[in-house]
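Student: I want to learn how to read pockets in a model. Please take me through the case shown here.

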Amino acid sequence: MRLDRALVELVPEFSRNYLQQLIELGGVCLNGKVQVKASHKVKASDSGVIELRPTPQSQAFKAEDMVLDVVYVDEHLLVINKPVGLVVHPAPGNWSGTLMNGLLGYDAKAFDLPRAGIVHRLDKDTSGLMVVARSRAVMDALVRAIAAREVKRQYLAIGQGSWSGANRCVVDAAIGRDPVNRLRMAAVDLALHPGKPARTDFELLSNAAQACLVHCTLHTGRTHQIRVHMTKLKHPLLGDTLYGGSVALGMTRQALHAYRLAFEHPVTKQAMSFFANLPQDFSLVLTNLGLKYNQNDI
């Protein structure tokens, strides 16, 4: 049995992730020697000692001063416009400086909520709107609304290459870990590979020889969903090198912006709708490509 799995059985009050980090930090001795490999095989006759230490993950839930672009706020929730480059949750390589840290600094009550009230996420290099809960009841209600597809999340994407075919299309293709490249996701056949159903609606807004501006509506929220489905359409996002896009015209990240968010307020029941202006790099690329965008036309 692997060392980390053995420790999970011996000390179930700690998560496997925490115990793996503890092993890597040298906090576990096996038969008198420090063991830093979680995959090390243990035997029934082995003896060991665990030294509990704070890990980067265990110290990540801390408040940090951060300027947040708050689009809307009331006592129940807030809507923010996340900039490019901001990681949403702490993770290896980004244990601080995340949106979660900023939310904890913005409101001390966020310490009482899982993930500081975050109910959905955007990739680090995707910009745009996110809703965040400020109480557990509202957090639970928003999670249910997202699961019931009652929260409308709409994006603008710049796809590589000139769009061909119908101006509107639907991609209904399950998404799972890419069986060839485990660092990315892929559209998969559920009969052959693990994954989850995913659906995205696409509408062409403007077309050019080098690229196309596409309106995207999520019906599900899988990891990298729009990036994967645009790749399936043979139009990987401009700048999205992970999925075959090219860095061009100053776009060095995936050209994806969550421009609209709409939902029913969980408490007041009021219909809420928010728009986020295009970030500068996105707008500049549209101009350079001759792609036209008018929010009123959508």
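Student: Which helices and strands each supply at least two residues of the lining of the largest pocket?

Tutor: Helices (H or I, at least four residues) and strands (E, at least two) are DSSP runs, numbered from the N terminus. A pocket is an open set of points on a 1 Å grid over the protein atoms alone, where a 1.4 Å probe fits, with protein on both sides within 12 Å along at least five of seven lines; lining residues have an atom within 4 Å of a point. Here, helix H4 (136-147), strand S7 (152-160) and helix H5 (225-232) each supply at least two lining residues. H5 gives the most, with 3 residues. The model is predicted: local features need pLDDT of at least 70, side-chain atom pairs count only at pLDDT 80 or more, and totals for chains, interfaces and linings use all residues. Residues are numbered from 1 along each chain as its sequence is written, and side-chain values use heavy atoms, leaving out hydrogens and water.

Student: How many residues line the largest pocket, and which lie nearest its centre?

Tutor: The lining has 28 residues; Arg121, Arg153, Gly221, Arg222 and Thr223 lie nearest the centre.

Student: Why does the largest pocket lie between two domains?

Tutor: Domain bounds come from an automatic or database domain assignment. Domain 2 (62-148) and domain 3 (150-293) both contribute to the lining of the largest pocket, so it lies between them.

Student: Where does the second largest pocket lie?

Tutor: Domain 2 (62-148) and domain 3 (150-293) both line the second largest pocket too, so it lies between them. Its lining has 20 residues, with Arg121, Asp123, Lys124, His224 and Arg227 closest to its centre.
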